Amino acid sequence: MELIFVHGALVQDGAWWWRPAAELLEAGTGIRSRALALPSCGETTPRERDGGLVADAAALRRELDAVRAPGAAIVVGHSYGGTVIAEASAHPAVGHLVFVSSYLPEIGQSQAEIMSGEGDPVSIGDNGDGTLSVDGYDAASFAARFVQDADPATQQQAWSRVVPQGVGAFTTPTTAAGWKGVDSTALVCADDRTTSPALQRSHAARATRAVELPTGHHPFLSRPELVVEQLQALLR
């Protein structure tokens with residue numbers, strides 16, 4: 001079994017965000033996981049960043065193409081990462097999808113459309129160069145909204161990984177609903193201040209199963225043991 005983690009919007013360095021869970025998972029099961037570099041977050045080339053969701057989904061498909069056996073991949077998508085895995089995961093390598101504080105969009109929905117129903121949306125500003133950024137946050141306000149249940153050192157490190165993202169990640173409609181016909185788990189973060197629990201639950205209802213965690217937006221940072229517990233259940 002192989003596990004691929006796809007991080008959320010407007011940040012970089014998926015390996016850092018995923019590391020606490022990855023280390024626990026490997027210690028408990030021997031399974032090593034890896035994090036996808038998202039082109040739209042500038043983790044590959046400037047040209048690919050402009051590709052938005054299309055480039056991100058293509059990057060995930062390349063990772064899945066390298067999986068050696070059908071159904072041998074568990075793909076974990078966090079927040080916007082769920083839209084990426086929905087777009088890319090109609091792939092024979094996928095055995096299970098895990099959505100963490102995330103979305104299971106229908107075909108034709110863009111990330112911006114998905115987020116448009118939020119009563120208190122995260123403020124995102126247009127940089128005028130084809131990218132968007134979180135708008136109006138400093139280290140303290142970012143920590144209070146996005147990682148309020150993490151320790152101060154982790155909060156600071158998370159803030160240092162906030163980056164602009166290609167606008168196409170938000171405006172491009174999905175062309176696939178890869179979660180349909182695939183076993184899936186949705187982890188709803190009940191204390192989330194970023195994606196409302198109500199929106200999470202509406203999408204989680206489309207998954208095979210849903211589990212609520214008493215965490216903020218990034219449980220793999222604040223309570224990695226809870227995430228790993230769910231992953232281990234898939235491996236039994």
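Visitor: Why does Glu 63 count as partly exposed?

Guide: In this predicted model, Glu 63 has a relative accessibility of 26%. Buried requires under 20% and exposed over 50%, so Glu 63 falls in between and is called partly exposed.

Visitor: What makes the contact of Arg 34 and Glu 63 a salt bridge?

Guide: The side chains of Arg 34 and Glu 63 meet at 2.7 Å, N to O. The limit is 4 Å between such a nitrogen and a carboxyl oxygen, so the contact qualifies as a salt bridge. The pair links distant parts of the chain, with Arg 34 in strand S2 and Glu 63 in helix H3 (residues 52-65), 29 residues apart.

Visitor: Which residues are joined with Arg 34 into one network?

Guide: Salt bridges that share partners join Glu 2, Arg 34 and Glu 63. The bridge of Glu 2 and Arg 34 has an N to O distance of 3.0 Å. Glu 2 lies in strand S1 (residues 2-6) and Arg 34 in strand S2 (residues 33-35), 32 residues apart.

Visitor: Is Glu 2 buried or exposed, and how is that known?

Guide: The relative accessibility of Glu 2 is 17%. This value is under 20%, so Glu 2 counts as buried. Arg 34, at 27%, counts as partly exposed.

Visitor: How many salt bridges does the whole structure contain?

Guide: The search finds 11 salt bridges. One of them joins Glu 225 and Arg 223, with the closest N and O atoms 2.4 Å apart. Glu 225 is partly exposed at 36%, and Arg 223 is partly exposed at 31%.

Visitor: Turning to the aromatic rings, why is the pair of Tyr 80 and Phe 170 called stacked?

Guide: The ring centres of Tyr 80 and Phe 170 are 6.4 Å apart, and their planes stand at 20°. The centres lie within 6.5 Å and the angle is under 30 degrees, so the pair is stacked. Tyr 80 belongs to helix H4 (residues 80-88) and Phe 170 to helix H8 (residues 168-171), 90 residues apart. Both Tyr 80 and Phe 170 are buried.

Visitor: What makes the pair of Tyr 137 and Phe 146 edge-to-face?

Guide: The angle between the planes of Tyr 137 and Phe 146 is 75°, with 5.7 Å centre to centre. An angle over 60 degrees counts as edge-to-face, so the pair carries that name. Tyr 137 is buried at 18% relative accessible area, and Phe 146 is buried at 8%.

Visitor: Which residues do ring pairs link into a cluster?

Guide: The cluster consists of Tyr 137, Phe 142, Phe 146 and Trp 159.

Methods. Residues numbered from 1 in each chain as written. Predicted model: local features only at pLDDT ≥ 70, side-chain atom pairs only at ≥ 80, totals over all residues. Heavy atoms only, no water. Phe/Tyr/Trp six-rings, centres within 6.5 Å; stacked < 30°, edge-to-face > 60°. Helix = DSSP H or I, 4+ residues; strand = E, 2+ residues; numbered from the N terminus. Buried < 20%, exposed > 50% of the residue type's maximum accessible area, 1.4 Å probe, protein only.
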